[in-house]
Amino acid sequence: MIVMINGAAHEVTDGTTVAQAVSTLTASTTGVAVAVNDEVVTRSAWETTALSDSDRVEVLTAVQGG
Amino acid sequence: MDDLIIAGEKFSSRLIMGTGGAPSLEVLDQALAASGTELTTVAMRRLDPEARGSVLDVLRRRDIRVLPNTAGCFTAGDAVLTARLAREALGTPWVKLEVIADERTLLPDPIETFDAAERLVADGFVVLPYIGDDPALARRLEQAGCAAVMPLGAPIGSGLGIRNPHNIELIVEAASVPVILDAGIGTASDAALAMELGCDAVLLATAVTRAQRPDLMAAAMRDAVAAGRLARQAGRIPRRRYAEASSPMTP
């Protein structure tokens with residue numbers, strides 16, 4: 001299936017979790033937050049939340065600004 | 001001591017810094033140290049795997065509290081989601097709510113801002129909304145449960161100073177939450193004026209981070225905010241049309 005991770009299409013296997021999606025970008029889990037289809041997925045649920053085809057995963061962190 | 005208190009939290013510095021515009025994390029680090037700030041804003045963006053170093057590391061080393069903002073949001077829905085992501089990433093319910101109307105002026109959208117503020121307060125956030133210099137909107141946001149109001153002096157990054165000091169005074173007079181002058185500060189005298197008008201704190205970034213010597217300007221802002229606060233508390237003399245001798249005119 002195809003999922004969007006930070007706007008880029010990724011081919012992933014069925015059952016891929018949020019935690020696995022995050023690990024394509026960073027090994028760090030602190031200072032990072034995830035939304036799937038505009039809903040926050042709390043860190044404690046990353047391992048148990050499986051993605052579906054066409055899901056939009058946004059992985060955000062704090063940067064300089066404001 | 002003359003502490004700034006926002007939502008029950010005490011700060012001895014009344015200068016809140018932003019982190020946007022610094023040429024490097026090293027320059028930012030020096031400027032933050034020189035400013036004496038205890039609360040500093042960050043933005044939330046897509047994680048860049050190539051990025052080196054993090055603004056969060058700088059803040060942690062300096063023991064500065066982080067205030068996430070919703071910069072870049074144009075709708076209440078975007079801002080609420082960004083605030084929730086910031087709470088998750090940074091472990092703080094505090095948010096500088098910023099909902100922009102358009103990219104040319106970067107002026108805050110009052111309708112979207114108010115909508116987002118109500119939703120975030122209901123969701124348990126400590127909301128500090130960035131707004132125009134509008135006393136009526138400031139009052140409505142306070143009534144809606146915001147922990148502070150942050151009226152602009154002038155558009156973001158413009159360095160035009162405080163374009164409508166009268167409105168800032170009206171906001172200060174009516175507010176029972178802290179008033180934080182946000183945006184438009186160009187140099188130290190602007191920051192001092194904000195405090196003389198009765199603001200409780202000043203938030204600025206560009207004036208420092210894009211100054212030729214950010215660390216020097218940060219120190220200037222620190223002193224200006226402190227001086228303006230003292231002058232406000234001291235109570236300035238009334239303005240007079242003509243001279244008034246300070247010593248007897250006759251021997």
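How are H5(B) and H6(B) oriented to each other? In this predicted model, the axes of the two helices, H5(B) and H6(B), come within 9 Å and cross at roughly 25°. Angles under 35 degrees count as roughly parallel, and H5(B) and H6(B) are therefore roughly parallel to each other. Their crossing is right-handed. On the H5(B) side, the residues that take part in the contact are B:Pro135, B:Ala138 and B:Glu142, and they meet B:Asn167, B:Leu170, B:Ile171 and B:Ala174 of H6(B).

An α-helix has 3.6 residues a turn, so residues three or four places apart point the same way.

Attention now turns to a loop. B:Ser13 sits between strand S2 (9–11) and strand S3 (15–17) of chain B. With a relative accessible area of 14%, B:Ser13 is buried, the cut-off being under 20%. A polar atom of the B:Ser13 side chain lies 3.1 Å from the backbone nitrogen of B:Leu15, and a polar atom of that side chain lies 3.4 Å from the backbone oxygen of B:Gly36. Apart from neighbours within four places in sequence, B:Ser13 is in contact with B:Leu4, B:Gly36, B:Thr37 and B:Glu38.

Terms used: Residues numbered from 1 in each chain as written. Chains lettered and ligands numbered in written order. Predicted model: local features only at pLDDT ≥ 70, side-chain atom pairs only at ≥ 80, totals over all residues. Heavy atoms only, no water. Helix = DSSP H or I, 4+ residues; strand = E, 2+ residues; numbered from the N terminus. Buried < 20%, exposed > 50% of the residue type's maximum accessible area, 1.4 Å probe, protein only. Polar contact = N/O pair within 3.5 Å; in protein donor to acceptor, adjacent residues only side chain to side chain. Contact = heavy atoms within 4.5 Å. Axes fitted to C-alpha atoms, helices over the stretch in contact; angles between N-to-C directions. Parallel < 35°, antiparallel > 145°, perpendicular 65-115°, else oblique. Left-handed = near helix turned anticlockwise from the far one by under 90°.
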